[in-house]
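Subject: Handover of a structural model

Dear colleague,

Please find below the structure that I am handing over to you. My notes on what was found in it follow directly after.

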Amino acid sequence: MIFQSLDFIVFLMLVVSIHWLLAPRYRSVFLLTASYVFYGYVHPWFLFLLWFVTIAVYGCALGIERLPSYRKPFLLLGLASCLGMLGVFKYFHFFVGNVVFALRALGLDVSGPAIQIVLPVGISFFAFQGMSYVIDVYRGQVNARTSFVSVALFKAFFPQLVAGPIERATHLLPQLESRRELRMDLLIEGLFLLIWGFFKKLVIADNVSIIANKVFLLEHPSFPLLWAGVLAFCVQIFADFSAYTDIARGSAKMLGINLVENFRHPYAASSPTDFWRRWHISLSTWFRDYVYIPLGGNRGGRLLEARNVMFTFLLSGLWHGANWNYVVWGGYWGLLIVGSRYLGSLMPAALWERRGVATLQVLLMFALTNVGWLLFRETDFHYLLRELALRPWNAAAGDWEAAAYFICLVFLYSLPLIVHFYIDARGGVAKVSEPIASRSSLAIRTATASGLFLAILVLRTANSGDFIYFKF
Amino acid sequence: MVDVVEKSSVIEDEERRTGRATTGRVRVVTAVAIFFCILAPPALIRPSAQGKLSFDGKLLDDMNAVSPTYVFIGNSMLTSRIDEHVLAARLGERCCFLLSTGGAESAWTHQALKNVVLAAHHRPKKVFIFFRDAYLTQPTYRATDRYWWRIEHLSHEDEPELTRAMTLSRTWQEQLAYRLEGIYPVQKVRDRASAAVSWIAGEVVTPGRVKYGESAGQKYDGLFGLDNLRSIEADDTAFADQDLSEFDFDARIGTSLLPSMIRMAKEAGVDLVFVRVQRRPTIQGPPAQSRELQSYMSGLRAYFAGNGIQFYDFTGDPELTLDHYLDGDHIRPEWKPESTGLFLRRLQKTFE
C-alpha cells in the first residue's frame, strides 16, 4: 500500500480507531495483522520474504542468548539470512550482469540467465532492521524476545516498514511492548506530521519532479538545464524522502509510538560529516554503529580512518541501489569526508569561527551535495560521463532563460521548506514537527496545518509518483 | 502514614490524568474549530452553481463553423498519424478533428460525440473514432482529475449515460475521490493555481512577457520535444500492467459507453467508423498481443459486425514498421503524410 493513496488514508483511520478501541493485550496482534495487510496489499507473495526474515532473526536471537557456545554461528546465520535475501532479490542481476560483462570483455561468448527477479519494496530497510536486532542481542545491548509477536511487529510495523526510519530494537521494541495510552496531544501531533508530510510529497516533491524528470530525459541536456534539473532533483529527493518519514512518524504517533527523526535540515550542513548527521540519520547511524566503528572507526591513524570511511560509504552507496552510479555516489561522499577531515586538520580552528565563513561553508556544501545528486540521479553512467566529458559547458540560445525559469519555479515550491528551516533555526513556536507547547502555538499550528491541507488540494499534481526510496 | 501518602498520590495522579484529558479534549475541539474555519470559506468557491465545470461550447462552435463532412475524434494517436490538411486536400471534403491532447479516451469520446458532433446544426456523414486496444470499453480510463474536468467541460448538467457508466465502472477509491471533489469543488481551481505559480516564475525571469493565466513554461516545451529526448521504448506502460479483467469483453461492454455511442449515432443517422491504431511494433514485426487481448478483439469485432458498424484494425499492417515510430505508439512527424495516405488507402471503401 502506498502512503499517498485513499486506500492508505482509509486504512490508517480504521487501524487507529480499532487499535484504541481494542483491549491493550490485543493491540500488538492487531497491529501485526494490519502491518501484514499493508505490506501484502498489492503483492501478497512479498509477505513470505518478510516472514522468512522474521523467523530467521527471531530464532537466531534466541539461539545467541540461550546457547552461548553457539553465539557466533547464530549471529552469522542471522546475518546470512538477511544478506542472502538482499543478495538474491536486490543484487543478483547486478552481480550476474557485471560477471557477464567482464567475461565478454575477456572475449568469452556468454549470456546472463533469462530469469527476472522482482525487487520487493522495502527489502533493504527490513533486512537492515533485522540485522541490527541480531547484532544488538549478540552484543548484549538488548535481550532476545521470546514473544514472536513482539519481534514480528518490530520487523513489520507498517509506518516504517517500506522506507524507514530504520529503527533499533532498543528504541522501538520497548514501545511496542509497553501498554500505550491514548493521548490527544500525540494524536494531534501525528495528524500535523501527516499533513506536513503529504504537503511535502504532493505539492513540493511531485511538482519539482516534473522538472527533474524532463531534464533527465533529454538526450543532450545543456549545462544550465542540467543543473536546473539537478537542483530540482535535490529539492525533490529531500521533500520526497523526508515526507515519507514524516508520514511514517505521524502515523506511528497516532498509534502512540515515537519513531526516530531521520532528517535535520540537511541542506544547512556545513561539512560532509555534518551532512550525514542530518540526512537519513537512521541509516548513517546504522552504518556508523555496525560497519564503521567495528572496522576501527577513526582509531589507528589517518590512513586506516580513510580506509574505513571509504569502505563504509561505498557500502552505503551500494545499499541504495544495485547500480554502479550509487557506488560512485557513495565513493564521492567518502572522498568528501576524508578530504574535509584532512583539510580541517590543516586549517587553524579560528578560521571556522569567522563571520561569513560558516555561510560560505554551507553554500559550498550545498553545491557539493548537488554534484552528488547528479551522480545519484543519472543511473546511466556511460551517458553521464559522455555528457559531462564531451559537452560540459554547452548551452543553446534560450537555455539560460529556461533554466532560470525552472530554478525560479523550484525556489517557489521550496519556499515552505525554507520557511520551516527559518522557524526551526530561530527556535520559534510554529514548528510543525515538534510537540504542542502551548494553546497559542496550537492555534498557529492548526492554522498552518489547515493552510497546508488547502494547498495540497489546490497545488498537488495530477499524478503522484512513487516515493524515491521505495525502490531501495 | 504510608496509606495516606499512597492515597494522596493516587488522587493527584487521577487529577493530573483527568486534567490532562480535559485539556486534551479542549485542544482537539480548538484544533477542529480552527481547521474548519479556515477550510470552510474555500468550500463556497464553486466552479458553477452545481459544482461542476460549465459546458465549454468552443468545440461546438468550431463544428458549426466548419460544418464538416467527416469528423475525427481521438488524441495523439490520431494527430501523430493523420495530417488534417493532407486529408482534407485528398478527400476534397471538409474535415474536423476533435482532439483531447494527452487524454480522450472513451468517456471524453462519448461526450464529444453526444454534445458536439450530434448537437451541431450540420450532421457529418461519418465520424471516425481512433482508439487503442481495449480502451473503448474502459470508461474510467483517463477519467479522473484533470481528465475528468475535460469531460465535464463537454457535459451538461444531466448526463444519465455517463453517470451510469461511471458509477458502474469506478473503483471505490475513484468513487470516493469523485465524491470528495464534489463536496469540496475548490480543488478544480488546481490548473489556475499551478498557472499562477508558473506565472510568478515567468515574471521573475522575463518580466511583462507572460500574460496572467498563461503558462509561462509553455514556451520552453520545445526544449523537451520528442526529438530531444532519449529514446523511450513505450510511453504508456500503464497498459502493460493492466488488469486482465479489462479484456473480458462480455463483462465490460455492458458497463461501457460504447452501446450508447452506437445508439446515438444510429438515431442521428450518422455512420461511425472505429479505427484501432497499431501499438509500437517490435523489430521482428507487429506488437505482441496476449491471448486475452486477442479474445477481447474477437468479441469487439463481432459486436461491431452485429451492430452494422465499420471497424478497421491497423494492427499487423505490413507497412507500419518500427522505423515509422517515434516514441511509444506515436508515429514520426516526417512520416505523417505517408501515414495519412496509408489510412486513406486502407479505408478507401469507407470514403466511396
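Leaving aside its neighbours within four places in sequence, with which residues is A:Leu119 in contact? The residues are A:Phe89 and A:Lys90, where contact requires that the C-beta atoms of two residues, placed from the backbone, lie within 7 Å.

Residues are numbered from 1 along each chain as its sequence is written, and chains are lettered from A and ligands numbered from 1 in the order in which they are written.

Confidence

The pLDDT is the predictor's confidence in each residue, from 0 to 100. In chain A the average pLDDT is 87, and 95% of the residues score at least 70. Where pLDDT is low, the predicted coordinates should not be read in detail.

Two loop positions in chain A

A:Leu119 lies in the loop between H5 and H6 of chain A; helices (H or I, at least four residues) and strands (E, at least two) are DSSP runs, numbered from the N terminus. A:Leu119 counts as partly exposed because it has 18 C-beta neighbours inside 10 Å. For this classification, a residue is buried if 20 or more other C-beta atoms lie within 10 Å of its own, exposed if 12 or fewer, and partly exposed in between, with C-beta atoms placed from the backbone. The C-alpha atom of A:Leu119 is separated by 9.4 Å from that of A:Phe46, 73 residues apart along the chain.

A:Val42 occupies the loop between helix H2 (24–40) and helix H3 (46–66) of chain A. A:Val42 has 10 C-beta neighbours inside 10 Å and therefore counts as exposed. Between the C-alpha atoms of A:Val42 and A:Ile2, which are 40 residues apart along the chain, the separation is 9.4 Å.

Domains of chain A

Chain A is assigned domain 1 (6–180) and domain 2 (186–471), with bounds that come from an automatic or database domain assignment. Taken over C-alpha atoms, the centres of domain 1 and domain 2 of chain A are 26 Å apart. Their contact involves 25 residues from domain 1 of chain A and 23 residues from domain 2 of chain A. On the domain 1 side, at least two residues each come from helix H1 (6–21), helix H5 (92–105), helix H6 (123–139), helix H8 (158–161) and helix H9 (169–177) of chain A. H6(A) gives the most to this side, with four residues. By class, the domain 1 side comprises 14 nonpolar, eight polar and three charged residues. Here Ala, Val, Leu, Ile, Met, Phe, Trp, Tyr, Cys and Pro count as nonpolar, Asp, Glu, Lys and Arg as charged, and the others, Gly among them, as polar.

The contact between the chains

Chain B contributes 39 residues to this contact and chain A contributes 30 residues. On the chain B side, helix H1 (2–43), helix H6 (145–153), helix H8 (172–183) and helix H9 (190–205) each supply at least two residues. The largest share, eleven residues, comes from H1(B). The chain B side has 23 nonpolar, ten polar and six charged residues.

The sheet of chain B

Chain B has 14 helices and five strands, and buried residues make up 29% of its 352 residues. The five strands form an open sheet with parallel pairing, in the order S2-S1-S3-S4-S5 (chain B); two strands pair if DSSP finds at least two bridges between them. Strand S2 (95–99) and strand S5 (310–313) of chain B are the edge strands, each pairing on one side only.

Why is strand S3 (residues 126–131) of chain B largely enclosed by the rest of the structure? Five of the six residues of S3(B) are buried, so the strand is largely enclosed. Four bridges join S3(B) to strand S1 (residues 70–74) of chain B, and B:Lys126 in S3(B) stands opposite B:Tyr70. S3(B) also pairs with strand S4 (residues 271–276) of chain B over six bridges, in the parallel sense. Within S4(B), B:Val273 is the bridge partner of B:Phe128. S4(B) is in turn joined to S5(B) by four bridges, and B:Val273 has B:Gln310 as its bridge partner in S5(B).

With kind regards

Key: Predicted model: local features only at pLDDT ≥ 70, side-chain atom pairs only at ≥ 80, totals over all residues.
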